[in-house]
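Have the viewer open while you read.

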Amino acid sequence: MDVPELERTARSAVEAVVEAPTPDVDPPQRVRPPGPRRARFDVDETPLAPAPEPEVDSVSRETSTQSAFPAPSETRIFVVANQKGGVGKTTTSVNVAAALALGGLSVLLIDLDPQGNASTALGVDHGPGVPGTYEVLIDGRPMADHVVDSPEAAGLKVLAATIDLAGAEIELVSMVAREGRLARALAAYLKDHHVDYVFFDCPPSLGLLTLNALVAAREILIPIQCEYYALEGVSQLMRTIDLVKGQLNDQLELSTVLLTMYDGRTRLAAQVADEVRRHFAEQTLPVVIPRSVRISEAPSYGQTVLTYHPDSAGAVSYLKAAQEIARRGAKESA
Ligand SMILES: Nc1ncnc2c1ncn2[C@@H]1O[C@H](COP(=O)(O)OP(=O)(O)OP(=O)(O)O)[C@@H](O)[C@H]1O
Ligand SMILES: [Mg+2]
C-alpha cells in the first residue's frame, strides 16, 4: 500500500469511529474463536464484534473536507509523562497524535527521548547528525528549521530526537534558565504556525528534559499500564507536577489519564483500571487501550497502528481516545 492509500484507509476508520456511538467504558467485546486459549499477548487480535453500521449523514459526507474531530479554540500542549519505563508513553503519543491528524487537525509531536522511538514510529529519520530537538534545546535553533512532516498523516509534524539528546541533560545543567528553553522555542514557533495539538514524548525520568516539557506544556497525559505496580511512581510524578505548578508553570494541569495494555481476561487489569478510575475519576478516558500485537509491531514498519492495521482493536481504541480528547478540548474551549 502506498502512503495516500494508507491514509485513506485510516481516514475511513476515523470517520467510522467519529460516527459510532459514545466509547464503551469497558474494552470492546470480542468473539473468541473456538479452540485452545491463545497466547497471552494475542489477547486483542480476536476480531471485534461487528459495530452497528453507522448512519450515513449525507451533509457531513459532502463536507468531508472539514475536520472529523473538533479543533480547540487555542493550541493544546500536552506532555505525555510517566517516569516508569515501558508504560506506553511513546505508543500513546504517536498514536493519539496521528489519530488527531487523520481526524483533520494540525499536530506537532516533539520527541524528547534520546531513544527516538516516537520519531521511528512516525517514519521520520533520526540517525546521527539529523537536526532536531537537541539543536533547538541546546543550540537555540528555531524550531521551524528542524520540524519535518511525518508520512503517517497530512498535518502531522515531528521534531525528531537523536542520540545526541542523551547528553543534553548534562549540558543543560550549566545553562541559564535551563528549564524554560523549550517553552520559549515552542512559543516562538506557535507565533508563526497554526497547530491544534502539541505532544511531548518524554523519556522515563523526571530530569531536565521532562522538566522542560512540563514547563512548556499546559496539560499532562499520563499513560498507566494495567499491571501490578501501575500507580507506583505516579505519586512521585504528581509531586513533581505540584512543584512545577507552584514554581515554574501555574497553568499546568493533569487533564488526561489513559489506561494502556489492558488484558481483559485478567482480574488484575480490571482491578488496576478500577483503582486508577477511583484516583483520577475525571481525567481517566472511558476507552482503554488493549494489549495488542499490532500496536507493538507497527513501529518496526515505521508506522503507527492507525495506518499499519487501521481495523485492529488497538487502532480503534486509539482513535476513540483521540476523539474523546478532541471532544473534551472543544467543550472546554466552547
Ligand atoms: N497496547 C499495547 N499492546 C502491546 N504492546 C504495547 C502496547 N503499548 C505499548 N506496547 C509495547 O510496549 C513497549 C513499551 O511501550 P512504549 O515504548 O510506548 O512505552 P514508553 O513508556 O514510551 O517506554 P519508555 O519508558 O522506554 O520510553 C513497546 O515495545 C511497545 O511496542
Ligand atoms: Mg518512550
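V79 has I220 in β6 as its bridge partner. That contact belongs to a parallel pairing of β1 (residues 76–80) with β6 over three bridges; strands count as paired if DSSP finds at least two bridges between them. Helices (H or I, at least four residues) and strands (E, at least two) are DSSP runs, numbered from the N terminus. Before going further: this is a predicted model, where local features need pLDDT of at least 70 and side-chain atom pairs count only at pLDDT 80 or more, while totals for chains, interfaces and linings use all residues. Residues are numbered from 1 along each chain as its sequence is written, and chains are lettered from A and ligands numbered from 1 in the order in which they are written.

β6 also pairs with β7, again in the parallel sense, over seven bridges, and E219 stands opposite E253 in β7. Together, β6, α9 and β7 form a right-handed β-α-β unit (with the strands pointing away from the viewer, the path from the first strand over the helix to the second runs clockwise).

How enclosed is β6? Seven of its seven residues are buried, so the strand is largely enclosed by the rest of the structure. Buried means 20 or more other C-beta atoms within 10 Å of the residue's own, exposed means 12 or fewer, and partly exposed is in between, with C-beta atoms placed from the backbone. One side of β6 has E219, L221, P223 and Q225, the other I220, I222 and I224, and all of these are buried. Across the protein, buried residues make up 48% of the 334 residues.

Now the ligand. Ligand 1 is surrounded by 19 residues, the closest being K89, T90, T91, P204 and S296; a residue is near if its C-beta atom, placed from the backbone, lies within 6 Å. The elements giving two or more residues to this shell are α3 (89–102) and α11 (293–297), and α3 supplies the largest share, three residues.
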